[in-house]
Amino acid sequence: MAGGGLLLSFRWTNALAAPLPESAAGEVSFNSYLSISPDNVITILSPNPEVGQNIKTSFPMIVAEELDADWKNVKVVQANLDTQKFNRQATAGSGAMQHSWDRLRKAGATARLMLMEAAAKRWNVSSATLTTENGFVWHKESGRKLNYGALATEAATLPVPTEVKFKAKKDYKLIGKPIHNVDNAEMITGKPLYGLDVYREGMLLAMIERPPFGTKIKSADVAAAKAMPGIVDVVIFKDKVAVVGKSTWQVTKARKLLKVEYEPDGAVESTTDHDRLMKQLLDKQDVKPSRKDGDVEAVFKTAAKLITREYQAPFLSHACMEPMNFFAHVRSDGVELIGPAQLPEDTRKNVAKLLGVDIEKITLEMTRMGGGFGRRQRSDYSMEAAELSSLLKAPIKVMWTREDDMRGGQYRPAMIYRFQAALDADGNWIGYRMRGVGVNSGNSTRPDHFPAGAVPNFLVDSIDHKSPITTSPWRAPSENFLGFAEQSFFDEIATAANRDPIEYRLAYLEKAKKSPVGAVKYDIDRMKGVIELVAEKSGWGKNKKAFQGFSAYFSHGSYIAQVAEIEMQNGNPVLKKMVAAVDCGVVVNLSGAYQQVKGGIIDGLGHALYGEVTLKDGVPDQKNFDTYRLIRMKEVPDVEVHFVESTINPTGLGEPALPPAAAALANAFFKATGKRLYNQPFTKEEAMKGGKFG
Amino acid sequence: MANYTLHINNKNYRVEVEEDTPLLWVLRDNLGLVGTKYGCGIAQCGACTVHLNGTAVRSCVLPVSAIGAKKITTIEGLSANGEHPVQKAWSELDVPQCGYCQAGQMMTASAFLSKNPKPSSEQIEEAMNGNICRCGTYHRIREAVALAATKRK
């Protein structure tokens with residue numbers, strides 16, 4: 001955090017013309033994030049990978065807030081990977097804000113104090129008599145003021161304060177406001193921003209044929225492809241065949257002439273195999289519980305009612321609008337990487353290991369990403385680019401087509417859950433058991449979630465089936481389906497107990513608060529807060545026109561309750577509206593926050609209704625958007641979002657809105673039709689034939 | 001390989017490419033006009049939408065040999081400095097999230113509004129339904145199309 005010294009200059013490629021400050025000559029650096037030029041350009045580096053979660057805008061807002069800067073003078077610049085200056089340059093687990101909130105505040109607040117100190121020296125007054133406002137230091141007594149630029153050179157040489165007091169929430173001028181995306185101007189005029197937009201002198205384009213899951217190459221005839229115009233080489237590596245050429249279309253055409261045969265290399269699995277295996281694993285004995293309170297077995301034997309339900313989810317594609325791609329230039333003196341990466345530090349490490357190159361010799365430029373959803377946490381595609389560049393000794397951009405993306409990539413694991421609940425004769429919930437089984441899902445459960453703490457006899461366990469079908473985190477991993485399954489099941493329990501689902505939930509939350517069983521690792525008051533808010537805003541129980549379904553979920557540190565409203569039109573159920581109440585602590589950027597919640601709900605609904613990847617002998621049946629259906633404008637209900645007023649430090653928001661959405665819909669669907677939905681995609685369920693869903 | 005003269009954004013460009021090359025890749029690979037995006041390659045998502053004589057078309061399935069003397073407009077040529085009513089509305093309502101699909105959305109919206117200057121909400125939905133937004137910015141897109149309609153002279 002030492003002052004002085006020039007900020008590292010920002011280095012984009014010729015094709016990637018980033019918006020540079022109009023003038024920032026002579027700028028001085030205050031810390032990793034912030035530099036100020038004498039002509040008052042406040043440059044804030046935004047270090048995290050941007051996938052559409054709006055972090056590039058939200059992070060600098062926090063620095064600017066504590067600095068008391070005028071947002072009009074702020075230039076935001078995307079940082080590249082720099083492990084010296086920053087830590088956790090990562091888009092994962094909705095954790096960026098929770099990790100960096102204090103660091104960003106400190107960056108702004110310490111610089112503000114340094115600027116005040118510089119002004120105090122200049123005017124020979126005590127810094128205690130000074131104030132700041134909108135990019136100026138003021139000495140109100142004498143009516144003097146100076147803008148930050150005029151003080152920057154001096155201020156940056158002063159010692160960095162070790163103790164700072166952060167602003168109170170009531171004094172915020174930027175945080176909580178709907179500040180617009182800093183890349184809007186570039187995005188709406190079509191400027192190059194994304195990895196796929198990278199074009200360099202001498203760059204070759206590569207597309208890669210990848211083997212079906214569980215197979216390896218038996219034979220490959222590449223002669224015809226290699227002879228095509230514009231093709232520089234056809235390279236076989238790691239059971240893949242890369243066609244490398246001068247233009248995308250020439251490579252596309254040549255690739256069609258490849259003749260590659262595959263043979264089994266381990267298990268070659270189909271969806272029917274997964275269905276069978278997962279069902280078998282549901283009955284497996286002697287699985288180690290991840291949480292156990294009381295004695296579920298005993299209470300299940302004596303219960304007045306025992307409810308057992310199963311819920312099943314298919315594989316999903318991440319379907320980022322910008323398909324996977326990466327640029328690599330492996331030279332004798334170092335490696336240049338450019339492209340979309342949610343975990344750039346991992347990418348660099350993996351490339352260093354792959355090539356046997358000193359990590360310090362690898363630079364990584366972070367491009368804006370056309371979506372991520374967890375897919376770009378993997379380095380498979382960036383390593384392909386590095387390997388090909390190394391083999392061919394040329395700058396290379398690897399591009400995946402949509403078909404490659406959907407067929408050769410990474411998936412949300414297929415999962416199945418079995419839930420059991422015991423009620424006594426009075427409808428009291430006395431036992432709960434849940435098992436999750438997934439294909440390469442890791443732990444598919446969240447053992448400390450509600451009703452942990454509220455139900456005396458409790459058992460959760462999970463089983464992971466190892467498979468050659470590669471999976472990766474998919475927006476709200478496991479929870480993206482668990483949220484639906486669990487919240488649908490709770491609705492059935494309340495129905496079985498003849499209680500209103502919201503009233504029943506609140507009663508059990510209260511029970512967990514008053515007499516908790518074991519550890520309670522969620523915040524009961526925050527959970528109750530969003531449930532009460534969504535009940536109020538949706539007019540729960542008072543809306544006579546609509547059939548309402550309720551869900552509430554805690555993930556990534558945040559609490560979200562949702563109510564779905566279905567109306568009958570010509571005898572068919574139509575989803576008209578979703579109401580969400582959100583507690584994510586302090587809302588940093590109101591505009592981006594609305595987008596995250598609305599987008600998360602739409603994502604949750606769309607994939608629950610339509611999304612599915614099925615496999616036959618290791619080959620996905622879905623190839624493109626004609627068979628892998630994404631939700632479109634006409635299918636989207638109104639979405640109303642309410643944020644809880646909070647002074648708690650910000651918690652996650654990129655993921656939490658998704659998990660409860662499908663359950664709210666399914667519970668409203670039950671109210672409207674009397675039918676329950678258990679398997680996704682819903683539109684394939686017999687219960688959902690008809691209606692404005694299919 | 002064949003030579004073509006393309007009229008793009010009020011400029012003439014000469015390119016030498018294979019006849020079946022989709023316009024999308026001519027724009028991106030040959031001319032550096034990368035605002036037009038690849039999303040699916042089969043005219044399903046709308047990310048590659050451009051105007052051909054004022055009509056929205058999918059450049060990923062439009063062979064360069066089929067264009068002839070027709071005028072092409074891409075996102076880079078929608079206006080000189082982002083002042084087209086659609087661009088202004090997109091900016092005013094802070095529409096983009098990841099932003100990748102938005103050029104295609106705006107090209108669809110601008111061609112639609114030139115033919116239907118005062119659309120109903122249903123007509124907007126109908127016109128925009130062919131463009132996928134994976135982030136789910138659909139509400140703001142719908143509002144922005146309606147707002148753009150009020151900004152047109």
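Residues are numbered from 1 along each chain as its sequence is written, and chains are lettered from A, with ligands numbered from 1, in the order in which they are written. Because the model is predicted, local features need pLDDT of at least 70 and side-chain atom pairs count only at pLDDT 80 or more, whereas totals for chains, interfaces and linings use all residues.

Strand β24 of chain A spans residues 547-555; strands (E, at least two residues) and helices (H or I, at least four) are DSSP runs, numbered from the N terminus. Nine of the nine residues of β24(A) are buried, a residue being buried if 20 or more other C-beta atoms lie within 10 Å of its own, exposed if 12 or fewer, and partly exposed in between, with C-beta atoms placed from the backbone. F547(A), G549(A), S551(A), Y553(A) and S555(A) point one way from the strand, while Q548(A), F550(A), A552(A) and F554(A) point the other way. β24(A) runs antiparallel to strand β25 (residues 558-569) of chain A and is joined to it by nine bridges, pairing being assigned where DSSP finds at least two bridges between two strands. Within this pair F550(A) stands opposite V563(A), and the two strands form a hairpin with two residues between them, where H556(A) in the turn has a positive phi of about 55°.

Helix α10 of chain A (residues 380-392) reaches 18 Å from its first C-alpha to its last, close to the 18 Å expected for its 13 residues at 1.5 Å a residue, the expected span being 1.5 Å times one less than the number of residues. Ten of the 13 residues of α10(A) are buried, among them Y381(A), M383(A) and L388(A), and just after the helix K393(A) takes a positive phi of about 50°.

V520(A) is found in the loop between α13 (501-514) and α14 (524-538) of chain A, and is partly exposed because 16 other C-beta atoms lie within 10 Å. Leaving aside neighbours within four places in sequence, V520(A) is in contact with A452(A), G453(A) and A512(A), contact meaning that the C-beta atoms of two residues, placed from the backbone, lie within 7 Å. The C-alpha atoms of V520(A) and H449(A), 71 residues apart along the chain, are separated by 8.1 Å.

The contact between the chains takes 48 residues from chain A and 45 residues from chain B. On the side of chain A that touches chain B, the largest share, six residues, comes from α15(A).
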